[in-house]
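Thanks, everyone. I have one model to walk through today. Please bring it up on the screen.

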Amino acid sequence: MAGHRRIMVWSGIMLVLLLAGTLVGSMMLRSQRPFNIGDYRHVNIQDAEEVFRQTGSNESLVLLLKALCFRQESLGENSWTGQLLSYGQELYARARAETIDLQTADQEQILLQVLAVLRAVGADRP
């Protein structure tokens, strides 16, 4: 009887540890989402901002956002959140106004990763 109870207790402990390990593992996988849009370290952010200010083009906006996302996600430079928020809101405003087509603005797998970063900083909320 005591042996049976001990087995039940150990089984319960093992089950709890297994569940905890699964939860921790899944949280770690989610926090390490892959970010692979190419290498944009060569893009000077200030120059890209100036080109966007001068042209206002969708292409310059997308390039600027990709460079900002690359710096934040791949290089771990978290000082770009303000610019990501501002330019991300501009991208979403253009999408709502239908002045940019997000399906054709860039390669789908790249733009989806950029949009995920923009959502993470809150740019999808007006």
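Start at E90, which is partly exposed at a relative accessible area of 29%. Partly exposed here lies between buried, under 20%, and exposed, over 50%, with a 1.4 Å probe and protein chains only. Before I go on, the ground rules. This is a predicted model, where local features need pLDDT of at least 70, side-chain atom pairs count only at pLDDT 80 or more, and totals for chains, interfaces and linings use all residues. Residues are numbered from 1 along each chain as its sequence is written, and side-chain values use heavy atoms, with hydrogens and water left out.

Back to E90. Its side chain meets that of R94 in a salt bridge, 2.7 Å from N to O. The rule for a salt bridge is a side-chain nitrogen of Lys or Arg within 4 Å of a carboxyl oxygen of Asp or Glu. E90 and R94 are four residues apart in helix α4, so about one helical turn separates them. R94 is buried, at 12%. Helices are DSSP runs of H or I, at least four residues, numbered from the N terminus.

The salt bridge count comes to five. Among them is R71 with E77, at 3.9 Å, N to O. R71 is buried at 14%, while E77 is partly exposed at 28%. Another is D39 with R41, with the closest N and O atoms 3.1 Å apart. D39 is partly exposed at 42%. R41 is partly exposed too, at 49%.

Next, packing. Which residues touch the most other members of the largest nonpolar core? They are L65, L84, L91 and L118, out of 29 residues. Such a core is a set of buried Ala, Val, Leu, Ile, Met, Phe, Trp, Tyr and Cys residues joined through side-chain atoms within 4.5 Å. Helices α2 (45-55), α3 (58-73), α4 (81-96) and α5 (108-120) each supply at least two residues of this core. α3 gives the most, with eight.

Look at L118. Leaving aside neighbours within four places in sequence, L118 is in contact with L65, L84, G88, L91, Y92, A123 and D124. Contact means heavy atoms within 4.5 Å.

Last, the helix pair. The axes of α4 and α5 come within 10 Å and cross at roughly 120°. Those axes are lines fitted to C-alpha atoms over the stretch in contact, and angles run from 0 to 180 degrees between N-to-C directions. α4 brings L84, G88, L91 and Y92 to the contact, and α5 brings L115, V117, L118 and R119. Questions, please.
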